[in-house]
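I opened my notebook to look at how two chains sit together. Here is what I looked up, entry by entry.

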Amino acid sequence: MTAEHRTDGLSDYLNGSLGLAEQRALEAHVAECDECRKVLDELRSVIAAAGELPDWGPERDLWPRIAAAIDDTGAAVIDLSRHLGDRGRGSERRRIRFTVPQLVAAGLALAIFSGATSLALARWGPHDNGILSMAPDAPAVLTVSDRAGELAPAYADELRRLEGLLAEHRTELAPGTVRILEKNLDIIDRSIEESLAALEEDSASEFLRAHLDRAFRRKVEYLREASAIAGWSL
Amino acid sequence: MQPETQDVTLALRGDTVAFERLYRSTVTRIHSLARRMGGDDIAEDLTQEVYIRAWQKLETFRGDAAFGTWLHRLAVNLILSRRETIRRREARQVSGSGRLESIAGRSSTPGLKMDLEAALTRLPDGARQVFVLYDVEGYSHEEIGRMMGSSAGTSKSQLHRARMLLREFLS
């Protein structure tokens with residue numbers, strides 16, 4: 001043991017970042033100093049344990065809340081422009097973007113503003129492509145509709161008008177567009193379930209209430225944009 | 001195309017199911033990072049925030065690294081940007097005993113590794129973050145300095161401090 005310990009250099013030594021001369025001097029010191037040798041061994045143990053720490057995940061599934069939040073970002077875009085372009089080569093390309101939250105809102109809006117899911121289906125009419133049979137069947141929609149009274153009034157009339165436009169022009173959509181809608185309705189159904197799961201877990205959440213409110217607002221904004229671009233009008 | 005790359009492509013088109021697959025394949029590592037750097041009681045919030053941010057920033061992922069690597073870097077940056085929150089939270093805690101109990105109750109990791117997990121929670125946040133980034137996650141001092149807005153030298157001294165404290169806690 002020497003009078004002066006040199007523990008300050010031990011981390012750099014273990015990292016291999018000392019110069020050769022410093023390294024040799026430290027090794028010579030450690031060979032003579034019991035205390036520094038002990039510290040060096042303990043630091044080695046700490047580093048070795050750090051490299052082998054096992055990972056473990058969260059105790060609860062965080063996905064439902066993440067899913068609700070990313071719906072809220074409006075970042076999920078389903079681009080229908082190519083499919084709408086199928087309707088006529090050479091025609092001006094029309095770009096209509098359906099976002100997941102907007103389509104989620106569409107599913108919710110159908111249930112809420114039509115008074116009943118079946119009535120909503122009737123308004124759209126039977127169709128052999130299966131699209132309309134998907135969204136309203138989600139039991140989660142009915143659960144949300146129970147809470148919609150306080151959220152709906154601001155958007156109800158405009159959504160009815162815009163949904164009417166969609167219903168009127170729906171058969172003009174190309175098969176490719178229909179397929180995209182169908183595929184993405186699967187995503188929407190899932191998003192609805194996840195949003196509801198989050199709500200069921202935390203029914204008093206102001207964040208989730210605000211999320212629904214924003215979804216309705218975006219639904220209106222989106223439908224206005226889509227109808228304007230597609231040239232639909234009353 | 002690798003399944004992960006395919007899922008990123010789908011997620012970029014708005015497919016939340018594909019993004020969920022990415023979440024499930026990476027969440028254990030991200031949550032562990034968040035827990036070690038931010039603390040057990042804030043780890044879930046940080047983890048959620050990482051994935052929300054990843055979703056928002058997905059179009060900046062260019063595929064020149066694995067998705068997990070990109071996500072990990074994003075997580076580190078986000079957690080470091082929350083240092084002030086983490087500091088305030090730690091200031092409210094009394095000597096970290098609650099966190100130690102929490103970790104001890106959650107893991108079945110035996111011996112020194114478990115002790116180390118618990119001892120990590122007793123480190124000052126700067127030293128802990130450098131230790132996690134260097135000794136657990138394998139970042140260089142230069143990278144850590146850049147990410148933390150400091151120098152490689154500061155990272156080195158924080159690392160040494162962390163290791164010495166951990167050695168002390170574990171003795």
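**Entry 1: a buried helix.** Before anything else I needed one cut-off: a residue counts as buried when its relative accessible area is under 20%. I also reminded myself that this is a predicted model. Then I went to helix 8 of chain B, residues 125–136, and asked how many of its residues are buried. Twelve of the twelve are, so the helix is largely enclosed by the rest of the structure. I went through the names, and the buried ones include Asp125(B), Arg128(B) and Asp135(B), along with Phe131(B), Leu133(B) and Tyr134(B). I also checked what follows helix 8 of chain B, and found Gly138(B) with a positive phi, near 85°.

**Entry 2: where the chains meet.** Next I looked up the contact between the two chains. I noted 43 residues of chain A in contact with 47 residues of chain B. Together the two chains bury about 4,000 Å² between them, and 63% of that is on carbon and sulfur atoms.

I then looked for polar contacts across the interface of chain A and chain B, and the rule finds 15 residue pairs. On the chain A side, at least two residues each come from helix 1 (10–15), helix 3 (34–51), helix 4 (63–73), strand 1 (77–79) and helix 10 (175–201). Helix 3 of chain A has the largest share of that side, nine residues. I sorted the residues of the chain A side by kind and got 22 nonpolar, eight polar and 13 charged.

**Entry 3: salt bridges between the chains.** How many salt bridges are there between chain A and chain B? The count is four, while over all chains the count comes to 15. I wrote down three pairs with one partner in each chain.

- Glu42(A) and Arg167(B) meet through their side chains, at 2.6 Å from N to O.
- Asp55(A) and Arg36(B) form a salt bridge at 3.1 Å, N to O. Asp55(A) sits in the loop between helix 3 and helix 4 of chain A, and Arg36(B) in helix 2 (residues 16–38) of chain B, so this pair joins two chains.
- Asp61(A) and Arg24(B) form a salt bridge at 2.9 Å, N to O. Here the pair crosses from the loop between helix 3 and helix 4 of chain A to helix 2 of chain B.

Then I checked how exposed some of these partners are. Asp55(A) has a relative accessible area of 36%, so I put it down as partly exposed. Asp61(A) is partly exposed too, at 38%, and Arg24(B) is partly exposed at 42%.

Entry 4: Is Arg36(B) buried or exposed? At 3% relative accessibility Arg36(B) counts as buried. I found a further partner for Arg36(B) inside chain B: the side chain of Glu117(B) meets Arg36(B) in a salt bridge at 2.6 Å, N to O. Glu117(B) lies in helix 7 (residues 111–120) of chain B and Arg36(B) in helix 2 of chain B, so the pair ties together parts that are 81 residues apart in sequence. Both Glu117(B) and Arg36(B) are buried. Salt bridges with shared partners join Asp55(A), Arg35(B), Arg36(B) and Glu117(B) into one network.

I also listed what Arg36(B) touches, leaving out residues up to four places away in sequence. In chain A the list has Leu53(A), Pro54(A) and Asp55(A). In chain B it has Glu117(B), Leu120(B), Arg128(B), Val132(B) and Val136(B).

Entry 5: Last, I looked for disulfides, and the count over all chains is zero. The cut-off I used is that the two sulfur atoms must be within 2.5 Å. Cys33(A) is buried, with a relative accessible area of 0%. Cys36(A) counts as buried as well, at 0%.

Note on methods. Residues are numbered from 1 along each chain as its sequence is written. Chains are lettered from A and ligands numbered from 1 in the order in which they are written. This is a predicted model: local features need pLDDT of at least 70, side-chain atom pairs count only at pLDDT 80 or more; totals for chains, interfaces and linings use all residues. Side-chain values use heavy atoms; hydrogens and water are left out. Buried means under 20% relative accessible area, exposed over 50%, partly exposed in between (1.4 Å probe, protein chains only). Helices (H or I, at least four residues) and strands (E, at least two) are DSSP runs, numbered from the N terminus. Contact means heavy atoms within 4.5 Å. Buried area is the accessible area (1.4 Å probe) that two parts lose on being put together, summed over both. A polar contact is a pair of N or O atoms within 3.5 Å; within protein, one must be able to donate a hydrogen and the other to accept it, and residues adjacent in sequence count only if both atoms are side-chain atoms. Ala, Val, Leu, Ile, Met, Phe, Trp, Tyr, Cys and Pro count as nonpolar, Asp, Glu, Lys and Arg as charged, and the others, Gly among them, as polar.
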